[in-house]
Amino acid sequence: RLIFGTASFIGKNEMEVETNEGKVIVLSSKNIFINTGARPFVPDIPGFKEVNHLTSETIMDLTKLPGSLIIIGGSYIGLEFGQMFRRFGCEVNIIERSGKIISREDEDVSDEMEKILKEDGIKIHTESEILWIKKATSWIQVKIKRGSKTKIVKGTHVLVASGVRPNTEDLKLSKAGIRADERGFIKVNSKLETNIKGVYALGDVKGGPAFTHISYDDYRIIFSNLIEKKNKSIKGRLVPYTVFTDPQLGRVGLSEKDCISKGVKYKKALLKMDHVARAIETGEIRGFMKVLIDPDSNRILGCAMLGMEGGEIMAMIEIAMMGKMDYTKLRDAIFSHPTLSESLNNLFSKFKKSIS
């Protein structure tokens with residue numbers, strides 16, 4: 001049955017649904033799957049409620065081009081929309097509280113991405129705290145503070161791209177005894193089961209990587225375990241993602257930050273895109289390829305591909321990681337010319353002097 005309405009728990013394996021027609025239905029099952037997703041997080045900024053703002057959802061409904069767009073948040077969504085609207089002809093300002101845009105990435109990746117966006121004409125304000133927002137005639141004014149200095153950033157539209165919050169408020173999780181963290185994300189084990197037997201959470205609502213392909217893999221794991229009686233888990237799975245700026249950033253596996261924080265030994269190789277033949281031929285030489293390997297096993301730990309079709313090249317590295325391949329297999333492979341894949345020969349050849 002497909003029911004449109006608002007559901008909430010009334011017991012461990014029982015739910016009450018108020019339908020869109022105003023009826024109340026009680027449903028029970030030994031297995032319940034929560035996949036209610038998340039929505040854009042709106043920060044508590046003085047004056048913000050009095051200003052019409054856009055989110056990653058509502059900005060898609062615009063029928064006229066903003067004259068000037070202010071973006072709150074310098075992470076993946078903010079960068080993608082920022083570059084898109086800049087290329088449409090908008091003036092774009094990105095305001096980021098931390099010291100770097102896409103701050104979860106390695107510093108060299110963040111710095112190179114900032115350089116690319118600034119070349120496109122985007123103004124980026126890092127280490128900037130928003131003091132207030134207000135409407136002034138035909139403009140929206142945002143006062144920001146960086147260090148001891150303050151300034152006013154003006155725009156016709158404001159896009160909030162400062163993260164997401166889970167859609168769990170209406171579920172009344174406490175009535176079922178389902179545990180969630182302080183932000184409302186549902187806690188699950190490696191099999192995606194909550195602390196209540198038979199109740200599972202998939203996708204963004206459980207926190208962690210908020211990607212469509214992760215939600216789909218969550219489904220595959222649960223289907224395999226419950227229907228096919230297998231024993232799959234999310235533990236140790238690779239989480240690839242692509243930031244669809246131009247050029248793209250493709251990422252999978254460990255970053256240098258991850259290796260350092262976890263005490264993992266690594267060696268890295270970096271190849272600038274202006275040394276990649278296919279990039280030179282097509283005129284898009286911005287960015288670089290970076291790969292990390294385990295110096296003992298020669299296996300690939302992770303990569304950051306910031307360059308043309310970075311997501312596609314990253315996927316090649318992911319396949320090699322899934323197959324637990326020695327990096328020399330890619331170093332010595334024959335790839336057709338002229339393709340981006342042949343640059344992997346040169347990228348991995350940078351290890352030959354340090355690893356026998």
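**Chat about two strand groups**

User: Which strands form the hairpin with 4 residues between them?

Analyst: That's E15 and E16, with 4 residues between them. Strands here are DSSP runs (E, at least two residues; helices are H or I, at least four), numbered from the N terminus. Just so you know, this is a predicted model: local features need pLDDT of at least 70, side-chain atom pairs count only at pLDDT 80 or more, and totals for chains, interfaces and linings use all residues. Residues are numbered from 1 along each chain as its sequence is written, and side-chain values use heavy atoms, leaving out hydrogens and water.

User: How many bridges for E15 and E16?

Analyst: 3 bridges, in the antiparallel sense, with E15 at residues 241-243. Two strands pair if DSSP finds at least two bridges between them. Tyrosine 241 has arginine 251 in E16 as its bridge partner.

User: What else does E16 join?

Analyst: Strand E19 (residues 300-307), antiparallel, through 6 bridges. Leucine 249 sits opposite leucine 306 in E19.

User: How many of E16's residues are buried?

Analyst: 5 of its 6, so strand E16 (residues 248-253) is mostly covered. Buried means under 20% relative accessible area, exposed over 50%, partly exposed in between (1.4 Å probe, protein chains only).

User: New topic: what order do the strands of the open sheet of 3 have?

Analyst: E1-E2-E3, with antiparallel pairing.

User: Why is one side of E1 and of E3 left without a neighbour?

Analyst: Because E1 (5-11) and E3 (24-28) stand at the edges, each with a single partner strand.

User: And which residue is opposite alanine 7?

Analyst: Valine 17 in E2. E2 covers residues 14-19 and is joined to E1 by 6 bridges.
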